[in-house]
Amino acid sequence: MPPTLQTLPKQILDKILNKYYDKQLPSFHPKFFRVYKHAYELSQLCRALREALQPYIYGRLIFERYNLAVEGVEARKSTTMEETKAMKKLPPITVWKSNIKLIESCDMWDSVTQVVISTYDRYPDPDDVLAMLKEKGFDQHQYPNVHMLITNFKADFDIDDKASDDVNDWIPDESFNALGQYLSQHLTHVDTMWMEENRCRRVGLRNAMSPFVSANLEKLRKLHFRFSYMPNFGVKILPQHITHLTLSVHSAYDYIDIPKIATPALQSLTLSAIPISYLWDRFVNYPQQPGVVEFPELIKLDLSFHQPYRRIPAAKTEDDYMWERYSKENANADDPDSKVFQAESYKGNTKLKTISVKDQSAKYTVLRTDTRRPRFPKLRRLRLNLYPSRVCEFLKHVPAEQLEYLCISGDLVAYKGFRMSQFTNLKKSLIMQYSDTTYRQTSHVTRLMTRVLSQPSKILRSLDITSSTKSRVYLPPAHKITCSSIKKLYIMANVSYEDVPVLLENLPLLEQFDLQRAMFAKPPPEAETPEGLADMLLASGMQPISTSLIKFIPDVMCRSVTDATIFYNLFVLIARIPSLLELKMFSFYSSQFSSELARMLAIPRLRIHIEHLSTLEYDDP
């Protein structure tokens with residue numbers, strides 16, 4: 001009897017729901033109330049779901065604003081960009097949606113661990129947010145178990161960034177302070193802050209939550225900040241008790257405004273859009289160690305790099321560098337001279353806005369580097385995204401033998417001199433080469449493929465390889481495929497189906513194989529009929545190429561080959577995999593594939609060798 005939701009063990013059901021509902025937090029535009037509504041409706045199906053979904057229904061207290069005049073418009077395929085912009089300029093019909101009444105009616109305040117304040121239509125005025133919270137009765141309850149505050153404020157650049165230049169359009173500091181003080185008064189146990197926003201011009205260098213963060217920095221332990229521009233929190237160095245830190249900005253220039261980062265307690269560090277010369281100047285040790293930046297507790301390091309737009313004149317340094325920003329703070333209506341735009345330093349001014357300047361120079365000298373080098377005694381997970389130089393220069397400071405997870409992406413230059421031999425304890429590895437290459441450079445990509453597939457780790461379980469080169473990439477010979485312990489393999493590259501059997505023969509534990517963008521071999525003339533294909537296979541001996549592979553995920557979408565060619569390549573491969581149970585492909589093709597497969601199964605002399613394909617399951621990706 002197949003399992004049902006009622007008979008599934010609670011631990012399995014919890015894992016399924018956690019994987020689905022917790023994906024919303026890192027996403028770029030999480031619709032919290034919509035996800036809550038979906039969870040609530042799902043909970044009405046049965047008692048098992050009702051019990052399992054309680055943390056997702058009562059765990060988050062949500063206040064989310066929607067503009068009903070625009071909501072859903074952008075998702076319509078028939079609506080043009082011009083029509084969408086016109087609708088956004090109509091008088092807004094805003095509504096705050098919340099689950100506070102449900103939590104109140106069920107008296108589930110002890111279950112609330114997170115508070116969410118989110119907007120999607122316009123950047124919120126702090127006074128409006130404060131009025132809404134009071135109207136909803138937020139201050140009428142206690143929140144003893146709330147440890148996380150989530151704010152998601154989005155500005156509409158078509159409207160918010162085209163406001164009047166009148167100084168009265170700026171949101172006053174009093175509004176920011178009032179909201180921060182109100183939240184601090186009622187959320188006294190928050191130690192985690194998750195904040196995402198794109199600022200508009202009338203906000204300046206602060207944001208709606210700057211006062212709350214500044215007032216609670218001594219209590220906050222985990223910070224997840226994603227901004228279009230880095231706001232000002234009023235400190236030069238972040239507290240040394242912070243254990244988890246994520247800083248994501250749109251431009252490398254915003255790292256000028258970021259406070260220095262204390263390293264003693266950091267366990268997880270994620271930085272995005274950073275200039276390569278940012279490392280390791282802006283980290284602080286206690287006590288300072290000459291020549292060394294110590295990360296004594298760091299386990300996870302995730303760095304995404306950014307190619308710069310412009311360089312700073314050689315005569316200037318970071319200390320005297322003044323990014324060109326307009327100041328409105330000292331504008332005086334009675335003094336015409338005071339209305340002249342002035343370029344001022346970003347330091348000490350809370351009401352400045354940025355001039356966007358782009359220069360195509362590849363150099364970047366805003367942030368000076370010194371002679372210090374990092375030390376990671378406990379590092380286990382490392383991700384380097386879009387690394388702009390030779391990655392081996394970075395890895396020489398990393399304890400490679402300690403790493404359990406490694407993810408690297410970059411162009412072909414990034415992998416020059418790159419070796420995998422020192423990574424002896426990896427459990428998961430992802431290597432991505434994102435750049436077009438010339439025909440002459442294809443051999444370098446093939447060598448990179450060989451290095452990745454010859455990893456020495458005996459506990460490696462998952463391996464992902466991606467290459468964007470358009471020329472054929474050759475898989476290594478059998479004696480160089482040494483990563484025999486992997487169970488999941490993902491390859492997106494122009495490898496040939498002709499090379500795959502040798503690869504599978506040398507991966508005795510492989511259970512799942514995802515092969516994307518592979519090159520299909522042209523069927524020989526004798527394989528044009530089912531009988532001819534059967535004779536060809538039987539002549540080859542039909543020796544198994546894998547007795548462990550359970551799931552195969554081929555790429556059959558939008559290929560410039562015939563259906564007959566696709567079937568030939570897939571069938572010749574899976575006919576020699578007796579352990580295969582599932583073929584993952586889109587239903588529009590799987591039906592055609594199964595009908596072609598039925599013709600092959602109807603040949604008695606071949607069927608005894610491919611009987612396992614008669615029970616093959618198909619599933620959409």
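Is Arg 375 buried, partly exposed or exposed? Arg 375 counts as partly exposed, with a relative accessibility of 41%. On this scale, buried means under 20% relative accessible area, exposed means over 50%, and partly exposed is in between (1.4 Å probe, protein chains only).

A quick word on the model. This is a predicted model, so local features need pLDDT of at least 70 and side-chain atom pairs count only at pLDDT 80 or more, while totals for chains, interfaces and linings use all residues. Residues are numbered from 1 along each chain as its sequence is written, and side-chain values use heavy atoms, with hydrogens and water left out.

**Salt bridges**

Searching the whole structure turns up 12 salt bridges. To count, a side-chain nitrogen of Lys or Arg has to be within 4 Å of a carboxyl oxygen of Asp or Glu. Here are some of them.

| Pair | N to O distance |
|---|---|
| Arg 375 and Glu 294 | 3.1 Å |
| Glu 596 and Arg 599 | 3.3 Å |
| Glu 104 and Lys 101 | 3.9 Å |

Back to Arg 375: its side chain meets that of Glu 294 in a salt bridge. This pair links distant parts of the chain, with Arg 375 in strand S15 (residues 373-375) and Glu 294 in strand S11 (residues 292-294), 81 residues apart. Helices (H or I, at least four residues) and strands (E, at least two) are DSSP runs, numbered from the N terminus. Glu 294 counts as buried, at 13% relative accessibility.

Glu 104 and Lys 101 sit 3 residues apart in helix H6 (residues 100-106), so about one helical turn separates them. Glu 104 is partly exposed at 35%, and Lys 101 is exposed at 57%.

Glu 596 and Arg 599 are likewise 3 residues apart, in helix H15 (residues 587-601), with about one helical turn between them. Glu 596 is partly exposed at 27%, and so is Arg 599, at 43%.

**Aromatic pairs**

How many aromatic pairs does the search find? Across the whole structure there are 18. Rings of Phe, Tyr and Trp (its six-membered ring) pair if their centres lie within 6.5 Å; planes under 30 degrees apart count as stacked, over 60 as edge-to-face and the rest as tilted.

Trp 109 and Tyr 143 are edge-to-face, because their ring centres are 5.8 Å apart and their planes are at 85°. Trp 109 lies in the loop between H6 and strand S3 (114-119), and Tyr 143 in the loop between helix H7 (126-136) and strand S4 (148-154), 34 residues apart. Both Trp 109 and Tyr 143 are buried. Tyr 497 and Phe 520, by contrast, are stacked, at 5.0 Å centre to centre with 15° between the planes. Tyr 497 and Phe 520 are both buried as well.

Trp 109 and Tyr 143 also belong to one aromatic cluster with Phe 63, Phe 138 and Tyr 182.

**Charges over rings**

A charge sits over a ring if NZ of Lys or CZ of Arg is within 6 Å of the ring centre and within 35 degrees of the ring normal. Arg 381 does this over the face of Tyr 405, at 4.1 Å from the ring centre. The charged end of Lys 97 sits over the ring of Tyr 66, 4.8 Å from its centre.
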